[in-house]
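This report describes selected features of one protein model. Please consult the sequence and the structure while reading.

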Amino acid sequence: MQQKFVGQPISRVDGEAKVTGSAKYAAEFNVPGLRYGYVVNSTIAKGKIVKFNLENAMAVHGVIKIYTHENRPSTAWLSLNYADMDAPPGKPFIPMHNNKIVYNGQPIAMVVADTFEQARYAASLITVEYEVEDFETDLHAHLNEARKPKKGLASALKPGPPKPKGDADKVFESSAIKAGGTFVHGVEHHNPMELFASTVVFEGDKKLTIYDKTQGSVNCQLYVANVFGLHFKDVRVISPYVGGAFGSGLRPNYQLFLAVMASLDLKQSVRLSMNRHQMFTFGHRPATYQQTKFGADGTGKIQAINHEGIGETSQYEDYTEIVVNWSNMMYPSPNAKLQYKLLPLDMASPMDMRAPGGATGVHPLEITIDELAFNAKMDPVAFRLLNFTDVDETTDKLYSSKELKECFRQAADKFGWKDRNPEPRSMRRDNKLLGWGMASGIWEAMQMPTRAEAILNADGKLTVRSATCDMGTGTYTIMSQIAADFMGMDMADVTFELGDSDMPFAPISGGSFTAASTGTAVQAACLGLQKKLLKKAGKLVAPFSDADIDDVEFTDSGLRLKKNGGKPLSYKEIVSATKEKQLKSKNMGWPNVMKQRKYTRATHSAVFVEVEVDEDFGIVKVTRMITAVAAGKILNPKTARSQILGGMVWGISKALREESVMDHRFGKFVNDNLSEYHIPVNADINELDVIFVEEDDKIVNDLGVKGLGEIGLVAVPPAIANAVFHATGKRVNDLPITMDKVMDRVAPLV
């Protein structure tokens, strides 16, 4: 394979379409006779619907039909039919299934009208009478009722904590150096720029074409077919562009179900879009409560790890995350006790949100490690180096690669860490307290079976296709780079297509596994195409007839024998000689399980942060940050850097801004809008820098690629919290670190 494009900072091939507005999103595909839906959501958290008052709404000009549980068409009766690729154990939520209310904001009715404005206005006229029941939405009021998660099909991808080893409680109590604390994370909502929408085009005879905002077109295709009793080939889901998702599109959301239901019932095309308030009425990052107790000997070597986590879930599904496992994955200890429990509440099921479990569990872990280092009177980097390991002790497997030490070295050097005064409150800039903090990060490097197809035409143009997704991560670009290099072509002659369930199978896009999974599939498809080209070339030119694939190089849009050199036999000439004027190769990219199963595969990072803290007002400002990442081969430094920068901004948001505030009297999120759900703006973001540490991994996959979507986030919140401690001398363990919490702690050390 030539190395002309892979590894180069190529600009996004879809960039022009996005900045010129020609890229179409789910709510922008128009068809003749399109009808519009609008959802009515419940205003209570638990109870029953007694009566709908629909008369005023039905009287609105243009209203076609109002759907409720009382008149909606029947769908599959088996709960399993509603499950999807990311469904946790339990019974998936079914919109308008009956009169029961299981969470505040639950969709309970839908108006369909000739125009969006008519549907929205009619929906505002609907009133509902309820029978209210007692409910619980407060995690912290019921911690003693938490239980172990239920087992299910999804549990294999989210393994629970390993069995305890040694006696972590006893060893902690006798440890020379101790650290620990209680850590609280509030609920967060994804809030991507693009709102969820489904445009369902009724093609007749129970055939549908659906333009949907999703991270898995095949996932939604199978969901719709299973729920509505359609043949999956009669359901086509298209999602060429996604305006951000961050995990919120991993599962089919309720607007898809309702739009399809109305389209099939009315035999008309229907669009249903959510508004921003409704983006707070389904999945979220769960609230969690965590406790840590770590102990080390007099030299600083960790001897005991205790990490307990409790997360919330819904009453109908057991949504789980890997929260506590990271502690013993990152740090060795002969005594470890990791516990994870769930507390069912009267809320919607949580959903994977960028670095699910990792962003939650690494935060208390890295703060506790920082506190251990401080109590041991050791530099935080030196302490981590002392407790470095090449073994994942939760599985007793070696890491396939782990260049974390080099992350420490390069990031610390560039940050100027050697100039740090270790004493809290010892550094100032003007009238502000100055704090320097750091943290380590980890995220799993997974790969999923994925299929791709490569099509070479007589004009010498190559099209590669897979039903994968690009949420803005750069998938279009990096797959084009892989295909161009593998086929020895110019990128201008390569087109990568995605986001269509009619294309070769791809799983949901998330968990930082898309680059490895789809990239391996593209490689497999191109290899199959190479073999077909060689076979056809053998019929045209004698020297190729006895050649093996290893004897040939593919370059300059052609192939030639390695031993002869010279001008290649062009692809145009080979394909033009075929009857079909086209060559196709469809192949599956499989994980090399036999090689991979002996190792733990992960990306690693080191984050160094500087903060300024205003003593009078408790305002924390991140003034600069450096992230060093070890993630195998970097396919495109430009798009990769963008991924990490996005994670760093999100980390600032998680640490200092984001929180969905619940009024437990009503079980309702009260800041369900972007004016009160705080996220960083340009003025909050200052100097950010990214370093990619060289890492060669022959085990993780044939491309040596690890994902980047999550690793840019996980270590940022604890690094910021550790910097706040260095600035103020006080620990703020609850996120977000708001000014009131800082003001309560900005005081001289006693």
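Across which strands does helix H11 lie? Helix H11 (residues 475–487) lies across strand S20 (462–465) and S21, and runs at about 135 degrees to S21. Helices (H or I, at least four residues) and strands (E, at least two) are DSSP runs, numbered from the N terminus. Angles run from 0 to 180 degrees between N-to-C directions, and axes are lines fitted to C-alpha atoms, for helices over the stretch in contact; contact means heavy atoms within 4.5 Å.

The model is predicted: local features need pLDDT of at least 70, side-chain atom pairs count only at pLDDT 80 or more, and totals for chains, interfaces and linings use all residues. Residues are numbered from 1 along each chain as its sequence is written, and side-chain values use heavy atoms, with hydrogens and water left out.

Four strands form an open sheet with mixed pairing, in the order S21-S20-S19-S25. Its edge strands, S21 (494–497) and S25 (582–589), each pair on one side only. From one strand to the next, the twist averages 15 degrees. Two strands pair if DSSP finds at least two bridges between them. Strand S19 (residues 450–457) and S25 run antiparallel and are joined by eight bridges; Ile455 has Lys584 in S25 as its bridge partner.

| Helix | Lies across | Angle |
|---|---|---|
| H11 (residues 475–487) | S20 and S21 | about 135 degrees to S21 |
| H12 (residues 514–540) | S19, S20, S21 and S25 | about 140 degrees to S25 |

Elsewhere, Thr603 lies in strand S27 (residues 602–613). Thr603 counts as buried because its relative accessibility is 1%, where buried means under 20% relative accessible area, exposed over 50% and partly exposed in between (1.4 Å probe, protein chains only).
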